[in-house]
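Visitor: I've just opened this one up and could use a hand finding my way around. Can we walk through it together?

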Amino acid sequence: MNAMVRFAFIAACALNLAGCDAINSLFHPAPDIKFAPAGKDYREKPDLARVEHEYPIAVADLQKLTRHNLKNYSQEELDQIYARLTAGPIPDGPFSGDLIFPKGDEGDRRLAEIVGGLPGFALELILHPVQLQLERLLWKGKVFYRNERLLRNRIEDLALLKAVIEGDPATIQKITVKGKDQWLLFPARLYCGQSLLDSRRESIIIDYFFTDELPGYRQRPDYLAGRNGLKVRDEIRMVRPGLYLGRAYVGRVFLVNFFLHSDEIADRDGPGFQKTGAVKEDCWPGTQTRTAAAGK
């Protein structure tokens, strides 16, 4: 049972090994995006509407943001980037994913501290840091079913999860991505909704609360993400076509940043976005006009 909890919890939260690589900034330098001054205390945080008004991000700079150099920013900087984005179109199809542990943040310690508030989980996570990292390698991204407003998570290797899966693993839906079979677990609802960080405009919400009512649900291990488990809720906004910045919550408590990317969509829609800065908005963009203009 303990092993099941450890494995399923990590998969449910869509976690994988990202780490803070000291040489990442050398090979993937971050663009010189401006940020509002901010202190560590909540009362010293800037107003997000003012951040967007005084420090707009140009489309040219959004084009420079990548899944690699996003890891070079602090949590405050990631928050300010996220607040200056809009939701963009609800994705469709497979997206690869990874965690973003902010600059200066010890990722595993942060996860253990947050999850430590949940009875029965803290000891397992703290006492097994190596196994925690191995378990996080299981998650490879998400598959969006835009028309059905559903999502499933991509798990690449069932070997470590075999003992915790209910029923015959051969019956689990699969997808092949870049020649590799991946299993689809942890279904979630997909809709537009209020961001827990920035309520000025909507984000794309990935909601696991009613996962037990969705097609493809199996009691183990899917229940751990839902209303009878950790109540996982993700939200994402588009950086540029094919790249989304996300925030994962457990019981409405912020857990970790992540990104999702699709090279196919980037190649298809990226050139048009780079020229005009225009993007289809499926969610409410708010009353404050986004000021990221092409060529700015």
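Predicted model: local features only at pLDDT ≥ 70, side-chain atom pairs only at ≥ 80, totals over all residues.

Here are a few questions about this structure, with answers.

Visitor: Is Gly226 buried or exposed?
Guide: Gly226 sits in the loop between α9 (219-222) and β7 (232-240). Leaving aside neighbours within four places in sequence, Gly226 touches Tyr208, Phe209, Thr211 and Lys231. Its relative accessible area is 1%, and the cut-off for buried is under 20%, so Gly226 is buried.

Visitor: How many residues apart in sequence are the parts that Arg146 and Asp282 tie together?
Guide: These two form a salt bridge, with their closest N and O atoms 2.6 Å apart. Arg146 is in the loop between β2 (139-145) and β3 (150-155), while Asp282 is in the segment after α10 (263-276), so the parts they tie together are apart in sequence by 136 residues.

Visitor: And Lys45, what does it form a salt bridge with?
Guide: Lys45 lies in the loop between α2 (24-27) and α3 (48-54), and counts as partly exposed at 35% relative accessibility. Its partner is in helix α5 (residues 75-83) and is buried, at 18%. With the closest N and O atoms 3.1 Å apart, the partner is Glu76.

How values were computed. Residues numbered from 1 in each chain as written. Heavy atoms only, no water. Helix = DSSP H or I, 4+ residues; strand = E, 2+ residues; numbered from the N terminus. Buried < 20%, exposed > 50% of the residue type's maximum accessible area, 1.4 Å probe, protein only. Contact = heavy atoms within 4.5 Å. Salt bridge = Lys/Arg side-chain N within 4 Å of Asp/Glu carboxyl O.
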